[in-house]
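Here are my notes on the fold. Please read them next to the model.

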Amino acid sequence: MGLWPTYAHDEASDALPKAPTGISGFDDITFGGLPRGRATVVTGAAGAGKSMFAVEFLARGVLDHDEPGVLLSFEESSEELVANAGSLGFDLDAMCADGALVVDSAVGQTDDLLQSGQFDLEGLFLRLKASIEAVGARRVVLDTVETLFATLPDEIAVRREFGRLLRWLKGQDLTVVVTAEKGERRLTRHGVEEYVSDCVVVLDHRIDDEVATRRMRVAKYRGSQHGTNEFPFLITGRGLVVMPLHQVDPEAVSDERIGLGIPALDEMLGGGVFRGSTTMISGSAGTGKTTIAVTAADAACTRGERALFLSLEEPAGQILRNMRSVGVDLDRWRTEGLLRVEHLRPATMGLEEHLAALHLMLDEHRPDVVVIDAVGSLNRGVAAGASASVVARDIALLRSRGVTAVLTALTDEAGVEITEVSASSLVDAWLLLRNVEADGERNRLLYAIKNRGSAHSNQVREFLLTEHGPELVDVFVGPDGVVTGSRRELQEEEERRRERARRAEHARLDAELERRRAEVEAQVASLRRQLEAEVAAVAARADTEAASAVAVARDRAAAARRRSGDGTS
């Protein structure tokens, strides 16, 4: 994905044919490249990168667009030009051998390019014509024309001959880049080139607080829209990289959640963070910010994703060693090519160079998750607000690529919700770590300050660094507030003792109930036996009484019969 500035671009009104330079970012801010078939002046002070710009324009034309070229320098030898281009990764000798490029040097020969007695550049026209026809060139670079102009008698001659040169080149339908030295109060030393050319690119190499930074500005572009701001750029081993000031927001956002490698933390965040979101982990020194960030990168690699860990303080080897102490082995992921660990020192580079370096690493590694550790280090030695701007651009760059980002930032010892860089409003999720001191020891607490688009826990957790990795545990709340560390362990042990006592008491009560149940059941059995005996006795008595009643009735009947017999006799 390219880096596109957020400028409105009316393609219908910008029909000027353009020649892509192939310079990363430059074709974006010019909406296509340099004007095709016209002349562009690249101006700047010594060391600004003019020749490197021109060389890449030619090399990319040969390699990417099948457009042969001619490079004519008035200041450096052909050997020096080839060697310098090699620092950008371009083999000009090979291009020349393939018949796609002519590298020519007129060092010490400028007088020969003048037509004797007429003070014109007819000799130069002939030399260029021969080189152009030799390779069928479509692109031409004239490097450092001031040396050539020094042979002309006055500014009138310079204006006349330079204008004639450009008209002649345009007549050949060639796309031309001319490099020129910056003047005192004008864009070029003679003040001519900028007026007769169709496009002017100004390069600047400045020193701010003992740190060098490079800037680029398109000062003029006839017939085309273009970005008008100053843009930082970097000269790398792969060519120039121009950094637009803004990024395009992603067209779509993801509903997918991914974990940060600590299950309890993911639970606090409602199931993890959204893919493509930015999470900031802030806290004072020693709270474990880097460890959580490393765990997020480790979790990404465990899922088979690619991760980039960019440290702005600790060297890569130190990060790897320290993480082994908490059970996180990153070497395996580096071996598998899933993890890249880099160390950049902000004190040795400009803020724009940091941004350009990040851009290159993203292009090379194509990570799904990026960790930037200690973003507050960007504050050192820069103007107030400058580092915050770079962090905002870091976040925008990562978001535009759909990368899930994790940043760590330092707060003061009080653990207030203020970081060294003002990024809290830019991030989607924010975790705060604090050191708390009680009973002669320091312990860590973790808070989920926010998680946009998701419910999250408002509970405080104690954060532990163990040999098996980072862990979160529930805290105890006592009369004096949150209880952590040894007091928490004592409280946990007291809770366990109380639980054991409760269970023992419960068992005792169960045994007592069982004993009472047995006693009651024995009593019931005894009473039942007594009842049965009494019932049996009553039944026996009833039987006896019934038998006695029958006997009495029988006796009375017998007596009655006897009396009846006595009366009749």
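How much of the protein chain counts as buried? Of its 569 residues, 49% do. Buried means under 20% relative accessible area, exposed over 50%, and partly exposed in between (1.4 Å probe, protein chains only).

This is a predicted model: local features need pLDDT of at least 70, side-chain atom pairs count only at pLDDT 80 or more, and totals for chains, interfaces and linings use all residues. Residues are numbered from 1 along each chain as its sequence is written, and side-chain values use heavy atoms, with hydrogens and water left out.

1. Overall make-up. The protein chain has 15 helices and 24 strands. Both are DSSP runs numbered from the N terminus: helices are H or I with at least four residues, strands are E with at least two. Residues 24 or more positions apart account for 70% of them. The chain exposes about 27200 Å², and carbon and sulfur atoms supply 50% of that. Accessible areas come from the Shrake-Rupley method with a 1.4 Å probe; for residues, only the protein chains shown count as cover.

2. Helix α3. This helix spans residues 78-86, and its buried residues are S78, L81, V82 and A85. They sit on the same side of α3 because they cover an arc of only 95 degrees around the axis. The arc is that of the directions from the helix axis to the C-beta atoms. E79 and A83, on the other side of α3, are exposed. The cover over the buried residues includes α2 (50-65), β4 (69-73), α4 (92-97), β5 (101-105) and β6 (139-143).

3. Strand β6. Five of the five residues of β6 are buried, so the strand is largely enclosed by the rest of the structure. In a regular strand the side chains alternate between the two faces of the sheet. Here R139, V141 and D143 point one way, V140 and L142 the other.

4. Partners of β6. Two strands pair if DSSP finds at least two bridges between them. β4 and β6 pair in the parallel sense over five bridges. D143 of β6 is the bridge partner of S73. β6 also pairs in the parallel sense with β7 (residues 175-181), over four bridges. There V140 stands opposite V176.

5. The nine-stranded sheet. This open sheet runs β16-β15-β17-β18-β14-β19-β20-β21-β22, with mixed pairing. β16 (339-343) and β22 (469-474) are at the edges with a single partner strand each, so one side of each lacks a neighbour in the sheet. Neighbouring strands are turned by 20 degrees against each other on average, direction ignored. β19 (residues 429-438) and β20 (residues 441-451) run antiparallel, joined by 10 bridges. L432 stands opposite Y447 in β20.

6. Helices on that sheet. α10 (residues 289-302) packs on the sheet, and its direction makes about 170 degrees with that of β18 (404-410). α11 (residues 316-324) lies across β15, β16 and β17, at about 125 degrees to β16. Axes are lines fitted to C-alpha atoms, for helices over the stretch in contact; angles run from 0 to 180 degrees between N-to-C directions.

7. H359. Which helix holds H359? H359 lies in α13 (residues 351-365). H359 is buried, with a relative accessible area of 2%. Its side chain makes a polar contact of 3.4 Å with that of S24. A polar contact is a pair of N or O atoms within 3.5 Å; within protein, one must be able to donate a hydrogen and the other to accept it, and residues adjacent in sequence count only if both atoms are side-chain atoms.

How values were computed. Contact = heavy atoms within 4.5 Å.
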